[in-house]
Amino acid sequence: MTQDNGPMAGATKIRVDRLDEGALWRVTLASPKGNVIDETMTAELTELFALATAERKLKAVVLGAEGSHFSFGASVEEHRAEQVAGMLAGFHALFRAIAASGVPVVAGTRGFCLGGGLELVAFCHHVVAHPGATFGQPEISLGVIAPVASVILAERLGRGAADDLLISGRNVKAEEALRLGLVDELADDPDEAALAWARGHLLPKSASSLRFATRAARLAFMRRFDRDIAELETLYHDELMKTDDANEGIAAFLEKRDPVWRNA
């Protein structure tokens with residue numbers, strides 16, 4: 001195994017290590033304790049997958065995080081009405097970049113994996129979780145919605161389980177997440193287990209053929225994703241953010257108080 005500096009040495013919120021002579025990239029969210037996926041982290045991840053597209057020998061990105069938690073989710077501050085359109089456009093561009101790269105993505109998670117963090121994990125091809133990990137889409141508790149999760153969770157879990165998580169906003173522990181299909185395996189060291197899965201199952205394969213297999217496996221889904229995410233983005237900033245309760249939910253979270261809903 002070889003390890004050297006990653007392709008984004010100037011990045012501030014992610015760390016990239018090239019392993020196995022560049023065939024694997026270990027990408028670490030490096031903004032603990034919450035690893036909040038803000039505009040900067042989103043841009044760095046998007047750039048990373050754009051770079052990955054041209055790396056002919058790259059066979060997988062293995063995603064993990066510093067600290068005790070994978071991610072508390074996207075930046076709530078950036079959900080305010082004056083910022084939300086740009087935030088959504090940038091965040092959704094990240095998922096398009098992941099898909100366009102054609103590179104398989106494997107994730108290792110621990111602690112809390114919430115909101116935008118769960119959307120990122122749910123978009124991966126193989127997910128390993130610590131037995132104590134917690135997952136959830138709490139956006140509804142803030143009076144808003146989770147566009148990416150609204151598309152990907154039904155694909156991954158089935159409609160009933162996806163509706164449950166999206167509408168209730170409840171958290172699930174790792175064992176339930178495994179039963180639901182949100183994660184694929186549990187391990188005491190999920191980062192190393194994710195890396196081991198990539199080495200065992202992807203490293204022996206052709207990097208070129210893996211790109212074709214990844215694109216083929218999600219061809220129909222990505223057509224739906226591109227269509228639905230555009231519609232949901234418009235729904236979010238043109239309709240949802242014009243309601244009192246969406247703005248109240250974001251304000252209440254930032255002010256650390258309970259929201260007062262007007263149901264309008």
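Start at the ring of Phe-123, where Arg-218 lies over the face, 5.4 Å from the ring centre. Bear in mind that this is a predicted model, and that goes for everything I say about it.

Phe-123 also belongs to a cluster: ring pairs link it with Phe-91, Phe-95, Phe-221 and Phe-225. Take two of those members, Phe-91 and Phe-95. Both are in helix H2, 4 residues apart, which is about one turn of the helix.

How many aromatic pairs does a search of the whole structure find? The count is 6. One of the pairs is Phe-72 with Phe-112, edge-to-face, with 6.3 Å from centre to centre and 70° between the planes. Phe-72 sits in the loop between strand S4 and helix H2, while Phe-112 is in strand S6, so this pair ties together parts that are 40 residues apart in sequence. Phe-72 is partly exposed, at 34% relative accessibility, and Phe-112 is partly exposed too, at 31%.

Next, the nonpolar side chains. In soluble globular proteins, these tend to be buried together. The largest nonpolar core here has 69 residues, and the ones that touch the most other members are Ile-14, Val-27, Phe-95, Leu-120, Phe-135, Leu-153 and Phe-225. H2 gives this core its largest share, 8 residues. There is also a second, separate core of 13 residues, with Val-106, Ala-187, Ala-193 and Leu-210 among them. As for Phe-225, if we leave aside neighbours within four places in sequence, its contacts are Phe-95, Phe-123, Val-148 and Val-151.

Val-148 and Val-151 bring us to helix H4, where both are buried. Why is H4 described as largely enclosed by the rest of the structure? Because 9 of its 11 residues are buried. The cover over those buried residues includes H2, helix H3, strand S7 and helices H5, H6 and H9. Arg-156 is one of the buried residues in H4. After H4 comes Gly-158, with a positive phi near 95°.

Now a hairpin. Strand S2 is mostly covered, with 5 of its 6 residues buried. S2 pairs with strand S3 in the antiparallel sense, over 6 bridges. Leu-19, for instance, has Leu-24 in S3 as its bridge partner. Between the two strands of the hairpin there are 4 residues, and Asp-20 takes a positive phi near 50°.

Last, the cysteines. A disulfide is a covalent bond between the sulfur atoms of two cysteines. The cut-off is 2.5 Å between the sulfurs, and by this rule the count is 0 disulfides. Cys-113 is in no disulfide, and the nearest cysteine sulfur to it, that of Cys-124, is 9.0 Å away.

Key: Residues are numbered from 1 along each chain as its sequence is written. This is a predicted model: local features need pLDDT of at least 70, side-chain atom pairs count only at pLDDT 80 or more; totals for chains, interfaces and linings use all residues. Side-chain values use heavy atoms; hydrogens and water are left out. Rings of Phe, Tyr and Trp (its six-membered ring) pair if their centres lie within 6.5 Å; planes under 30 degrees apart count as stacked, over 60 as edge-to-face and the rest as tilted. Buried means under 20% relative accessible area, exposed over 50%, partly exposed in between (1.4 Å probe, protein chains only). A charge sits over a ring if NZ of Lys or CZ of Arg is within 6 Å of the ring centre and within 35 degrees of the ring normal. A nonpolar core is a set of buried Ala, Val, Leu, Ile, Met, Phe, Trp, Tyr and Cys residues joined through side-chain atoms within 4.5 Å. Contact means heavy atoms within 4.5 Å. Two strands pair if DSSP finds at least two bridges between them.
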